[in-house]
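Here is a short tour to read alongside the coordinates. Keep the viewer open and follow along.

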Amino acid sequence: MTSKNSGPVPQETFADAPEVVEELPEISFDEQRFAARPTRLRPRARRRSIDDSPITPPFEPTGSNRAYVEWLEEQSMLHDAERVARQLAGKHTMWSNPYAHPDPRAALARASVWYTAYPLSHITKPGQSFLNSLGSQELWEAFKQVGIDAVHTGPVKLAGGLKGWEPTPSVDGHFDRISMAIDPLFGTEDEFRDMCETATRMGGTVIDDIVPGHTGKGADFRLAELNYRDYPGIYHMVDIPEEAWHLLPDVPEGRDSVNLGVEAEQALAAEGYIIGELQRVIFYEPGVKETNWSVTPPIRDYKGRVRRWVYLHYFKEGQPTINWLDPTCAGMRLVMGDALHSLLDLGSGGLRLDANGFLGVERSFEAPAWSEGHPLSLAANQLIGSLVRKVGGFTFQELNLAIDDIQKTGAVGPDLSYDFITRPAAQVALATADTEFLRLVLREAMEIGVDQASLIHAMQNHDELTYELVHFAAAHRDDVYELGGEQYTGQTLAEHIRQTMRDRLTGEAAPYNAVFTTNGIASTTASIVAASLGIDNLDDITDAVARRIQQAHLLLCKFNAWQPGVFALSGWDLVGALPLPRQEVQALISSGDTRWIERGAYDILGVAPDAKKSSSGMPRARALYGPLPEQLKRETSFASRLSEVLKVRKRGGIDAATLVDVPDVNQKSLLVLVNELASGTTQITALNFGPEKIEARVQSALLPAGRAFDLNTRRKVANIDEMSGFNLELPAFGGQAMVIRD
């Protein structure tokens with residue numbers, strides 16, 4: 001490569017310069033603390049699967065039947081949480097670790113590159129469970145070769161609900177938890193523990209889930225409906241007196257609740273029974289979910305009194321919201337016990353906090369009610385994060401709120417936060433070959449004080465490609481921003497970006513992707529890339545086109561991996577999965593949940609080449625790249641090239657760096673990130689989001705005098721000139737990570 005300012009430099013390396021590998025800390029994170037899971041601290045909950053009770057029908061499943069109530073109590077999470085907590089109280093080992101403050105770099109030292117699994121879509125050997133497969137030595141050896149050091153299992157515990165004695169299916173991909181027990185669909189508790197032990201032997205970590213925001217309609221909710229002991233205190237539910245039942249809609253026969261319409265919500269709020277309208281209705285769907293409140297039919301409680309309850313659910317009707325400020329503290333006890341069970345009994349090293357941004361809600365005399373960015377959410381997250389750190393684990397949050405709220409919550413609660421800041425902006429940059437909005441978002445986060453090292457920069461996960469524009473659409477709706485030479489308010493900017501994404505990534509341009517309610521776009525990373533390349537029919541993807549998709553896919557990997565923080569990717573990414581045809585999941589998407597098209601089954605190890613579905617019944621997706629072991633035999637495969645990307649990341653210590661500048665650029669498809677490594681060395685990431693080769697100018701006032709070296713080849717790229725910059729060439733969808741040496 002030739003630099004315009006410094007002449008030919010291909011033979012110069014930094015062999016005579018200090019090694020670019022950053023010095024490791026003298027003591028690792030694990031060595032700085034006592035053992036997180038001493039053998040004497042293995043509390044066991046009395047967990048039973050739903051069909052494992054000695055009490056069986058024909059007993060009537062009502063509150064008047066003591067056997068049924070006792071059976072529900074045995075199944076409940078609150079019951080198990082109390083048993084776990086009591087076994088730990090008074091133990092001196094509960095005070096072994098510091099816990100007050102989030103420590104993202106300590107978490108990064110334990111697990112920097114994550115594989116995010118999705119149990120329903122994981123294809124295994126015939127008769128093999130998901131957990132057994134995820135804990136296999138072969139898989140962890142492949143992960144180690146790629147550079148993956150942690151696995152986030154996804155939700156594997158019993159979910160859904162109970163109707164009488166019978167279980168009902170999950171309504172949200174197992175995120176409507178009803179038990180601490182592992183769902184037999186995915187394996188056993190012993191297999192989970194074995195998986196954790198395999199990960200430890202391979203130097204890895206297993207990350208589990210808890211859901212502080214809601215449960216499913218399992219035993220805890222049914223006991224709450226029966227007004228039994230502390231169970232109503234778990235939820236935001238209100239016992240509506242009979243004289244106000246005329247304000248409530250009827251519940252059709254066979255249904256256990258119905259969503260309140262706007263008029264009913266307003267009427268109940270006007271009478272003071274509920275706090276009424278919230279700041280937004282997630283998963284809004286006309287005739288299905290028009291408000292965040294639902295009502296039960298008349299229910300006879302365990303003392304014989306007939307009641308009707310109105311309960312809050314931020315998400316789906318089957319996901320009643322947990323109350324974090326009830327006098328019984330029942331919801332808090334449930335969540336804390338669940339966390340301790342996962343960390344100390346099952347053996348996980350970290351936890352995702354799902355739906356943790358909606359833990360406080362308060363009436364407002366100026367509608368709507370205060371439900372986002374509430375101080376109670378910060379306090380609750382501080383409690384959860386502190387407890388997990390106290391027993392040696394770490395937490396991360398998946399919080400799609402304003403950047404300000406992400407920063408505030410991350411400052412006191414979880415150690416890491418999902419990157420709901422840059423992901424859609426990076427997709428827009430790829431779709432338009434223009435990084436201006438991405439640069440705007442990165443700078444906004446820097447100004448607010450978000451440490452990029454505290455973020456989990458992820459590719460595809462189980463959710464849609466969310467627009468993630470709450471920051472602009474709500475909290476900063478009236479602020480003025482400049483984009484493309486025009487001025488926008490935050491609200492109009494958010495709509496402009498949403499429309500750009502819809503126009504470029506769905507509809508006639510890409511009919512294989514689908515809009516998901518008002519939240520985002522159902523897609524895989526590969527199908528986002530395909531749309532960005534102008535492909536309107538997935539059947540047109542030839543081997544040559546697949547190679548172009550792979551190149552752009554790797555660019556997104558470089559963007560996420562060559563900046564501070566966690567890098568995460570999924571099985572869909574590793575195999576290059578495409579969305580499923582709608583007719584293959586018609587029953588699942590019939591209610592409007594189009595996300596199922598992106599959740600096709602994948603065979604990451606190539607153990608069942610003839611399988612048409614996963615054991616959970618998800619149809620197999622078309623995979624452009626193939627199984628992981630097969631890819632690792634070819635140097636040009638996606639996985640092998642990704643391995644090189646991650647080696648550069650590790651060699652440079654980029655994950656623990658600090659982002660210090662996002663400079664202006666001379667090519668609209670160019671993005672430049674200037675990071676400061678832990679050693680004080682300046683590191684530069686330059687990326688071309690366009691389909692054409694560019695001659696780029698990298699310039700920043702924060703670039704010190706010296707020479708820029710490629711972290712991959714270790715060859716000199718250029719000298720830093722008197723303008724604090726240098727020139728370089730980048731191929732289509734190319735990227736380069738560099739450091740500056742004297």
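## Two helices side by side: α12 and α13

How do the axes of helix α12 and helix α13 cross, and at roughly what angle? In this predicted model, the axis of α12 (residues 423-432) comes within 7 Å of the axis of α13 (residues 436-448), and the crossing angle is roughly 160°. Angles over 145 degrees count as roughly antiparallel, so α12 is roughly antiparallel to α13. The crossing of α12 with α13 is left-handed.

Sorted by class, the contact of α12 with α13 holds six nonpolar residues, with no polar and no charged ones.

## A second pair: α9 and α10

Now move to helix α9 (residues 330-346), whose axis comes within 10 Å of that of α10 and crosses it at roughly 25°. Angles under 35 degrees count as roughly parallel, and α9 and α10 are therefore roughly parallel to each other. The crossing of α9 and α10 is right-handed.

On the α9 side, the contact is made by M332, V335, M336, A339, L340 and L343. From α10 come L383, I384, L387 and V388. Here the classes divide into 10 nonpolar residues, no polar and no charged.

Most residues other than glycine have a negative phi. Against that background, here are two loop residues to look up.

A355 has a phi near 55°, a positive value in a residue other than glycine. A355 sits in the loop between β15 (350-354) and α10 (375-390). Is A355 buried or exposed? With a relative accessible area of 5%, A355 is buried, because buried means under 20%.

S724 also has a positive phi, near 60°, and S724 too is a residue other than glycine. You will find S724 in the loop between β30 (716-719) and β31 (725-730). At 22% relative accessibility, S724 counts as partly exposed.

## Cysteines

How many disulfides does the count come to? The count is zero, where a disulfide would need a pair of cysteine sulfur atoms within 2.5 Å.

C196 counts as buried, at 7% relative accessibility, whereas C329 is partly exposed, with a relative accessible area of 34%.

Note on methods:
Residues numbered from 1 in each chain as written. Predicted model: local features only at pLDDT ≥ 70, side-chain atom pairs only at ≥ 80, totals over all residues. Heavy atoms only, no water. Axes fitted to C-alpha atoms, helices over the stretch in contact; angles between N-to-C directions. Helix = DSSP H or I, 4+ residues; strand = E, 2+ residues; numbered from the N terminus. Parallel < 35°, antiparallel > 145°, perpendicular 65-115°, else oblique. Left-handed = near helix turned anticlockwise from the far one by under 90°. Nonpolar A, V, L, I, M, F, W, Y, C, P; charged D, E, K, R; others polar. Buried < 20%, exposed > 50% of the residue type's maximum accessible area, 1.4 Å probe, protein only. Contact = heavy atoms within 4.5 Å.
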